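Subject: Structure handover

Hello,

Here is the structure for you to look at. My notes follow below it.

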Amino acid sequence: MTHDAASPPYLQVDDLRVRFSTADGEVRAVDGVSFGLHRGRTLGIVGESGSGKSVTSLAVMGLHDPARTKISGAIKLGGRELVGLSDGEMRKLRGRDVAMIFQDPLSALHPFYTVGRQLVEAYRTHHSDASKAQAKQRALDMLDRVGIPQPDRRFGQYPHEFSGGMRQRVMIAMSLMNDPALLIADEPTTALDVTVQAQILDLLADLQREFHSAIILITHDLGVVSQVADEVLVMYGGRAVEHGTVAQVMRGPQHPYTWGLLASIPSLHGDPEVDLKPIKGNPPSLINVPAGCAFHPRCAYAMKPEPCAGQVPQLLAVQADGHRVACHLPEQQRIDTYTDEIAHVGVAQ
Amino acid sequence: MTEALLRVRGLTKHFAVRQGAIGAKAAVRAVDGLDFDVHAGETLGLVGESGCGKTTTGRMLVRLLEPTAGSIEFQGRDITTLGRRAMRPLRQDLQIIFQDPYSSLNPRHTVGKIVAMPLEVNGIKPAGGVKARVQELLELVGLNPEHYNRFPHEFSGGQRQRIGIARALALRPKLIVADEPVSALDVSIQAQVVNLLRDLQRELDLAFVFIAHDLAIVRHFSRRVAVMYLGKVVEIGDRADIYERPRHPYTKALLSAVPDVTAFGEQRQRIRLTGDVPTPLNPPSGCRFRTRCWKAQDVCASEEPPLVAREGSGQQVACHFPEPVGVVSEHVSEVAA
């Protein structure tokens, strides 16, 4: 993460907190998350359902309902503070400076309008002086760029006439219409078959090189993150528990939750007779997050009651440059435990 | 080798549909002539992308769908056309676990009732009483037996999947068809359920047909693996053969498409298939994979390659131009620039 270290990151999130009030109580969906991301870099945010990974990205997009959401902290995009922006101001940014690719393109595209009409609309929203012909040309260029054959013919078709992989390409084309500096992809390949997923991941990597955008890739799939991301942020119970380069997090993870994820996934190459080492129990409810470290009830190494069940561990730098971990265990003990107990299980082997 | 527990020959399922403005009759050839055996205590993994027919196959095996053609022999007996009544005693030995732990449990029944249902339907009265047997089953799958009176909504996804497993085990089956049993679950919970199934297999000597799209999970769980494409098995063999020495181009491409946690920073040898899987309404002539295959020749369009063992290898492959025997699939380890 020495990349562009001198210049400030394009996206800087500081102590982001997102809370929803519900009938059952207040949901602390994101609870003090901080990270920075430079242009040209991809950050993978990993976590299981309810870890706060999608909520974090929706906050960056300003897509939460203000009536029932409390957002605090800072989200700076190209130096501009997004928290507290009005709807109108946010709308000007959205699609132009930051765009999003959703998991399910069928529900993210309007079924009654042709793909071309939706692409043109996305462009003209931010380029009010562009003629229809210019917008159409831009749409055709983008469809071609994302690898859709016969863009002229496809332009006039409806979303249902596309296959799953082609539909996701349309979503990507739409997100690129205004050349955004930050692209957020929320599980962009989860709904796709593995051979089509490989095509889409290659495409995203190519486009990033070409457009030099920053990408946040939200996924539960550590394989996808390893292939595409430069950095990884692991979330649990609404907090960041580990952050570092892909090599640091995948090859020398220091948080017991990250260990649990790696030891839970079978490997394509390791010894299939070695049993997986699952994390016991279930992820916490965000209405009632355990005190102290949110992971302590499931952690085999927790020091109870103090400090793990009493104090929230801070995300602190470890010896390796740029690697941060939120865990009360001493660093040397974490390194030893990983080497002795985890490094031969699941995909960690 | 002992006689197979399950013997499948020429298994076929065509769904009739109407197509186009005049509603012309057509058939979706979902499964088109499968042959495989499953032995007692063994797991056969069925792997493939959406639409390859793996779920349809699983449902036919437990007779939830009627095959269009072909035969299913279970313990030496042809069960392909048995009626409901004749099938009933066999259902004790042949069970299924479903993908979705939400829709496969009746929300109005207690867990106790759900797990006891197979006993009740089959008129089985366990020695210690139904309740004791159900509690024993709940304990076996790692649930609290005290939760006998709770309803499905009180359980998490992983726990619900355990309830489905307890129900499948109630009749002490010999073979369980597990259709994507973990794909709806979070990663950490997937591993819990996979370990549970492995423990149960060791303890109870169960055979499994394990259906999944996740190649790593199939490898972890199955000694033998069949790779399906558009309703056909394209390659079948031992785990090590399929994963280390794949001979069918599709198997190779599928394996090289899996994003691998252990391979970041390296450029593996990658095969990128273009396009999507063709529709089973009108599959390509000859070899069904030929439209996406980089090795395809004229013969691939005119002749369908049979699934056969070649050159003394136990691995069967349906391809006119298979990869040579014993060639370990290379992983080029250049550090990416």
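Which residue of E8(B) does Thr43(B) stand opposite? Thr43(B) faces Phe208(B).

First, the ground rules. This is a predicted model, where local features need pLDDT of at least 70, side-chain atom pairs count only at pLDDT 80 or more, and totals for chains, interfaces and linings use all residues. Residues are numbered from 1 along each chain as its sequence is written, while chains are lettered from A and ligands numbered from 1 in the order in which they are written.

Chain B, strand E8

Strand E8 of chain B covers residues 207-212. Helices (H or I, at least four residues) and strands (E, at least two) are DSSP runs, numbered from the N terminus. E8(B) is mostly covered, with six of its six residues buried. Buried means 20 or more other C-beta atoms within 10 Å of the residue's own; exposed means 12 or fewer, and partly exposed lies in between, with C-beta atoms placed from the backbone. Ala207(B), Val209(B) and Ile211(B) point one way. Phe208(B), Phe210(B) and Ala212(B) point the other way. In a regular strand the side chains alternate between the two faces of the sheet.

E8(B) pairs with strand E3 (residues 43-47) of chain B, in the parallel sense, over five bridges. Pairing requires at least two bridges found by DSSP. Strand E7 (residues 175-179) of chain B also pairs with E8(B) in the parallel sense, over five bridges. There Ile176(B) stands opposite Phe208(B).

Chain B, two loop residues

Ser183(B) sits in the loop between E7 and helix H6 (187-204) of chain B. Ser183(B) is partly exposed because it has 14 C-beta neighbours inside 10 Å. Beyond its neighbours within four places in sequence, Ser183(B) is in contact with Gln99(B), Ala212(B) and Asp214(B). Contact means C-beta atoms, placed from the backbone, within 7 Å.

Gly128(B) is in the loop between helix H3 (111-121) and helix H4 (130-140) of chain B. Gly128(B) has 10 other C-beta atoms within 10 Å, so it counts as exposed. Gly128(B) and Ile22(B) are 106 residues apart in sequence, and their C-alpha atoms are 62 Å apart.

Chain A, sheet

Eight strands of chain A form an open sheet, ordered E6-E7-E8-E3-E9-E10-E12-E11, with mixed pairing. E7 (residues 182-186) and E8 (residues 214-219) of chain A run parallel, joined by five bridges. Leu182(A) stands opposite Ala214(A).

Chain A, helix pair

Helix H4 (residues 115-126) and helix H5 (residues 132-145) of chain A pack at about 115°, with axes 9 Å apart. Axes are lines fitted to C-alpha atoms, for helices over the stretch in contact, and angles run from 0 to 180 degrees between N-to-C directions. H4(A) and H5(A) are therefore roughly perpendicular, a class that spans 65 to 115 degrees. Their contact has six nonpolar, one polar and four charged residues. Ala, Val, Leu, Ile, Met, Phe, Trp, Tyr, Cys and Pro count as nonpolar, Asp, Glu, Lys and Arg as charged, and the others, Gly among them, as polar.

Interface

The contact takes 39 residues from chain A and 33 residues from chain B. H8(A) gives the largest share of chain A's side, eight residues. That side divides into 19 nonpolar, 15 polar and five charged residues.

Best regards

Methods: Contact = placed C-beta atoms within 7 Å. Parallel < 35°, antiparallel > 145°, perpendicular 65-115°, else oblique.
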